[in-house]
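Colleague: I would like to go through the surface and the pockets of this model. Please take my questions one at a time.

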Amino acid sequence: MCGIFGWVTRRPVVGAELWIEEARVRLAHRGPDGSGLWRGMVGNAEVALLHLRLAIIDIEGSPQPFWSHDGRYAIAFNGEIYNYLELRAELIALGHQFRSEGDTEVVIEAWRAWGEAALQRFRGMFAFALCDLAEGRTVLARDPFGKKPLFLVEIPGGVAFASEIPALIAGPMVGARLNESVLTDYFVARYVDGPQTFFEGVRKLPPGSLLIHDAKGVQERRYFSPPFARTSGALMGEDEAERAFAATLERAVELRMRSDAPYGVFLSGGLDSSVIAALMQRHSAEPIRTYSVGFDVEGSSELP
């Protein structure tokens, strides 16, 4: 759970230094293992990249913002690419160079190799800001199902972004004004549907979307839409379907256990978390740490 914050704009940012430091404070809980900042020009726009790191993979070798080996790309990345080892091997076979062992550099080199199509190859959860100094382009992207947050606010000449709203409304150019238009939705549904938020002018980058800032201006579009359900001429029997589902689920759990930090699982005692805990233990030499929630109210506690 890293935290990212920054902006890309063609106009000076009012109170820039104070805004960055306030954002660092408000996002500090997301990144206890280090922080980094880069400010510079990308094309005709100033870019700021602030990163607060929770180190999971390549703890010592992937500080952020991370730079490519040739200095062309810089990235502030929150998330994890579960199939990064497979992608890394494929990219090395194509002649790409790596100077780290983490998944962050894989995102950069995948973008270099495949551009926007790289997003379709990532199995994981992510929100990132990637700068291409050679092309004068900055890209903001969010994973297909929006597991990682990325909030946006328009500022004069561009856009500011952050993992959490408090970092954005800390700026003198934004402020914390109630978005009254969402109150009806909240009272009816008990939540606010995206991309709007409770704060006027602050919105979410939709899941499966990217925003590009370059010489042409700002472009935003979806790169992923869930596929329509479709039938197949060949139907599985019940036993075959069970085996296929079990293999897919086990592979998903196995990929998510690529970490240089200890594992843990929230264990409610329900079927889903129990199965995940069992599969995690199957792929771990050490006992898996489990965490459950207990209540004094009879029938509500998950501890039994």
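Colleague: This is a predicted model. Is Val-293 buried, partly exposed or exposed?
Modeller: The relative accessible area of Val-293 is 40%. Buried means under 20% and exposed means over 50%, with partly exposed in between. Val-293 is therefore partly exposed.

Colleague: Where does Val-293 lie, and which residues form a nonpolar patch with Val-293?
Modeller: Val-293 lies in the segment after strand 14 (289–291). The patch is on the surface, and its residues together have about 280 Å² of accessible area.

Colleague: Which strand gives the most to the lining of the largest pocket?
Modeller: The largest pocket holds about 960 Å³ of space, and 35 residues line it. Helix 7 (238–255), strand 13 (264–266) and helix 8 (271–282) are among the elements that each supply at least two residues of this lining. The most, four residues, comes from strand 5.

Colleague: Which residues lie nearest the centre of the largest pocket?
Modeller: By class, the lining has 20 nonpolar, eight polar and seven charged residues. Nearest the centre lie Ile-56, Glu-80, Met-125, Arg-256 and Gly-264.

Colleague: How many charged residues are in the lining of the second largest pocket?
Modeller: The second largest pocket has about 230 Å³ of space. Its lining includes Arg-123, Asp-143, Lys-147 and Arg-256, and Asp, Lys and Arg count as charged. Beside six nonpolar and two polar residues, the number of charged residues is four.

Notes: Residues are numbered from 1 along each chain as its sequence is written. This is a predicted model: local features need pLDDT of at least 70, side-chain atom pairs count only at pLDDT 80 or more; totals for chains, interfaces and linings use all residues. Side-chain values use heavy atoms; hydrogens and water are left out. Patches are made of residues with over 30% relative accessible area and no salt bridge: like charges are joined within 9 Å, nonpolar side chains (Val, Leu, Ile, Met, Phe, Trp, Tyr) within 5 Å. Accessible areas come from the Shrake-Rupley method with a 1.4 Å probe; for residues, only the protein chains shown count as cover. A salt bridge is a side-chain nitrogen of Lys or Arg within 4 Å of a carboxyl oxygen of Asp or Glu. Buried means under 20% relative accessible area, exposed over 50%, partly exposed in between (1.4 Å probe, protein chains only). On a 1 Å grid over the protein atoms alone, a cavity is a set of points where a 1.4 Å probe fits but cannot get out, and a pocket is an open set with protein on both sides within 12 Å along at least five of seven lines; lining residues have an atom within 4 Å of a point. Grid points are joined across faces, edges and corners, and a volume is the space filled by probe spheres set on the points.
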